[in-house]
Amino acid sequence: MLVSSHFMITITVISYFYRSGAEDTRPLSWRVDVDSIAVAGCQEVTLATCTVISEKTAARVSWRLGSLSDSLKPSSNNVQHLDGIFTVSSSLIAVPTVQMNQQLVQCVITHDTRKAEIEIDHRIKVHYPPQLVTVTPFNDPSYAEVFQCEADANPPATDFTWHSKHVTIPNDAIEIKGNKLYFLKLSSDLNGVYFCNASNMYGAGVGSLFWHQGKKTEDYHSEL
């Protein structure tokens, strides 16, 4: 099921070019738009659109996609308006994946009025539920031992719950504060597995910790 929220991020640049020492008042402008949130595993969506507005002649717009060249599909649209203005846009179409998040792509613009290419960096943004949840030691000398639950998620996980099958927590030996599990004292009756459930608006993941008094703790993380 597609979960999306509409918003827009726009970066717009207007550049005036020169001819024979005199300023040409016809601007060349470009922008990169993101008009909706892409959610991993959903249907095909537009991840970004690069648009160039020019006069007299149309610009040429392409993308440098790097490692995403086999995953993203550019789609172009060219319009010549009656007043002599050209609008050229190129969109990146794909089914979003977790691996696409924060990957760098470049919109590349060429125009008759520019000697060099214009390159616009853009990082793909994809939202996804927790994929990997880990429980690791956290240094806090105020307590006997502390463990922290972390999750790979976008947006970051904001809700953390803890539970154990062998002991009810919290109790007089264990405190819970958000994503942290605090051992107030160490005793063998606390031996066992502790589970952390981390969630954001798209879903949840579970990580676990095997704790045994006097032995090195083990992190049994989950990966969805």
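**Note on side-chain links in a predicted model**

1. **First disulfide.** Cys50 and Cys107 are joined by a disulfide, with an S to S distance of 1.9 Å. A disulfide here is a pair of cysteine sulfur atoms within 2.5 Å. In general, such a link is a covalent bond between the sulfur atoms of two cysteines. The pair connects distant parts of the chain. Cys50 is in strand E4 (residues 45-55), and Cys107 is in strand E8 (residues 104-110). They stand 57 residues apart. Strands (E, at least two residues) and helices (H or I, at least four) are DSSP runs, numbered from the N terminus.

2. **What the numbers rest on.** This is a predicted model: local features need pLDDT of at least 70, side-chain atom pairs count only at pLDDT 80 or more, and totals for chains, interfaces and linings use all residues. Residues are numbered from 1 along each chain as its sequence is written, and side-chain values use heavy atoms, with hydrogens and water left out.

3. **Handedness and burial.** Which hand does the link of Cys50 and Cys107 have? It is left-handed, with -75 degrees about the S-S bond. Cys50 and Cys107 are both buried. Buried means under 20% relative accessible area, exposed means over 50%, and partly exposed lies in between (1.4 Å probe, protein chains only).

4. The whole structure holds two disulfides. Cys149 and Cys196 form one of them, with their sulfur atoms 2.0 Å apart. This pair also links distant parts of the chain: Cys149 sits in strand E11 (residues 145-154) and Cys196 in strand E15 (residues 192-200), 47 residues apart. The torsion about the S-S bond of Cys149 and Cys196 is about -95 degrees, so this disulfide is left-handed. Cys149 has a relative accessible area of 1%, so it is buried. Cys196 is buried too, at 0%.

5. **Disulfide pattern.** Count the bonded cysteines along the chain and the pattern is 1-2, 3-4. Turn now to Cys42. Is Cys42 buried or exposed? It is buried, with a relative accessible area of 9%.

6. How many salt bridges does a search of the whole structure find? It finds six. A salt bridge is a side-chain nitrogen of Lys or Arg within 4 Å of a carboxyl oxygen of Asp or Glu. Asp112 makes one with Arg60, and the closest N and O atoms are 3.5 Å apart. Asp112 lies in the loop between E8 and strand E9 (118-123), while Arg60 lies in strand E5 (residues 60-64), so the pair ties together parts that are 52 residues apart in sequence. Asp112 is exposed, at 53% relative accessible area. Arg60 counts as partly exposed, at 44%.

7. **Salt bridge of Glu119 and Arg64.** Here the closest N and O atoms are 2.7 Å apart. Why does this pair tie together parts that are 55 residues apart in sequence? Because Glu119 lies in strand E9 and Arg64 in strand E5. Glu119 is partly exposed at 45% relative accessibility. Arg64 is partly exposed at 36%.

8. Glu175 and Lys177 meet through their side chains in a salt bridge (3.9 Å, N to O). Glu175 is partly exposed, at 28% relative accessibility. Lys177 is partly exposed as well, at 43%. Shared partners join Arg64, Glu117 and Glu119 into one salt-bridge network.

9. **Aromatic pairs.** The count comes to four aromatic pairs. Rings of Phe, Tyr and Trp (its six-membered ring) pair if their centres lie within 6.5 Å; planes under 30 degrees apart count as stacked, over 60 as edge-to-face and the rest as tilted. Phe147 and Phe183 form an edge-to-face pair, 5.8 Å centre to centre with 80 degrees between the planes. Phe147 is in strand E11 and Phe183 in strand E14 (residues 180-183), 36 residues apart. Both are buried.

10. Phe183 in strand E14 and Tyr194 in strand E15 are eleven residues apart. Both residues are buried. Ring pairs link Phe147, Phe183, Tyr194 and Trp211 into a cluster.

11. **Charges over rings.** A charge sits over a ring if NZ of Lys or CZ of Arg is within 6 Å of the ring centre and within 35 degrees of the ring normal. Lys177 lies over the face of Tyr182, at 5.3 Å from the ring centre. Lys180 lies over the face of Phe138, at 4.6 Å from the ring centre.
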